Amino acid sequence: AALILHDDGADVTAQGMANLIKAAGCSVEAYWPMLMAKMIGSVGMDALVKMGSGAGGGGAAPAAGGATMGGAAAAGGDAGASKEEKKKVEEEEEEKE
C-alpha cells in the first residue's frame, strides 16, 4: 500500500495505507499502517526502496549453492581443490598446443 501511494505521488499516511488495504479486500493488524507511516516519515520512502534494491540481497544463494566458506567445509573442504585441478588441466592442455 505504501508503494502504491508513493508511486501515485500521494502522501504515504497510515489512513491512506489502511484504506488501500481495505479496498484490496485484505486486512492487517491496525498498528502496521501506523508503524509503516512512522518509519517512512523518518527514513523516507526513496531511502527504503533503495535499501531493498541494493547489492548483497541474495541471501538464498549460499543456502542453495553452498559456495560460502561454510559450504566448502560442508562439501568436505575440497571445493577449492577441484577448481585448482581444473585450472592445472587447462594449463597443461594449453602447453601441449
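I started with Ile21, which touches Ala1, Cys26, Ser27, Val28 and Pro33, leaving out residues up to four places away in sequence; contact here means heavy atoms within 4.5 Å. I was working with a predicted model, where local features need pLDDT of at least 70, side-chain atom pairs count only at pLDDT 80 or more, and totals for chains, interfaces and linings use all residues. Residues are numbered from 1 along each chain as its sequence is written, and side-chain values use heavy atoms, with hydrogens and water left out.

I looked up where Ile21 sits and found it in helix α2. Helices (H or I, at least four residues) and strands (E, at least two) are DSSP runs, numbered from the N terminus. I then checked Ile21 against Ala1: the two are 20 residues apart in sequence, and their C-alpha atoms lie 6.4 Å apart.

Next I took in the chain as a whole. I counted 7 helices and 0 strands. Buried residues make up 11% of its 97 residues, where buried means under 20% relative accessible area, exposed over 50% and partly exposed in between (1.4 Å probe, protein chains only). Of the contacts between residues at least 6 apart in sequence, 23% join residues at least 24 apart.

Then I turned to α3. It has 13 residues and reaches 18 Å from its first C-alpha to its last, close to the 18 Å expected at 1.5 Å a residue; the expected span is 1.5 Å times one less than the number of residues. Which residues of α3 are buried? I found Pro33, Ala37 and Ile40. Seen down the axis of α3, the buried residues fall within an arc of 65 degrees, so they line one face of the helix; the arc is that of the directions from the helix axis to the C-beta atoms. Met34, Lys38 and Ser42 are exposed on the other side of α3. The cover over the buried residues of α3 includes α1 (2–8), α2 (14–23) and α4.

Last, I followed α3 onward. After α3 comes Gly44, with a positive phi near 100 degrees. The axes of α3 (residues 31–43) and α4 (residues 45–52) come within 6 Å and cross at roughly 95 degrees. That makes α3 roughly perpendicular to α4, a term for angles of 65 to 115 degrees. I noted Met39, Ile40 and Val43 of α3 meeting Met45, Ala47, Leu48 and Met51 of α4. The residues of this contact divide into 7 nonpolar, no polar and no charged.

Definitions and conventions. Axes are lines fitted to C-alpha atoms, for helices over the stretch in contact, and angles run from 0 to 180 degrees between N-to-C directions. Angles under 35 degrees count as roughly parallel, over 145 as roughly antiparallel, 65 to 115 as roughly perpendicular and the rest as oblique. Ala, Val, Leu, Ile, Met, Phe, Trp, Tyr, Cys and Pro count as nonpolar, Asp, Glu, Lys and Arg as charged, and the others, Gly among them, as polar.
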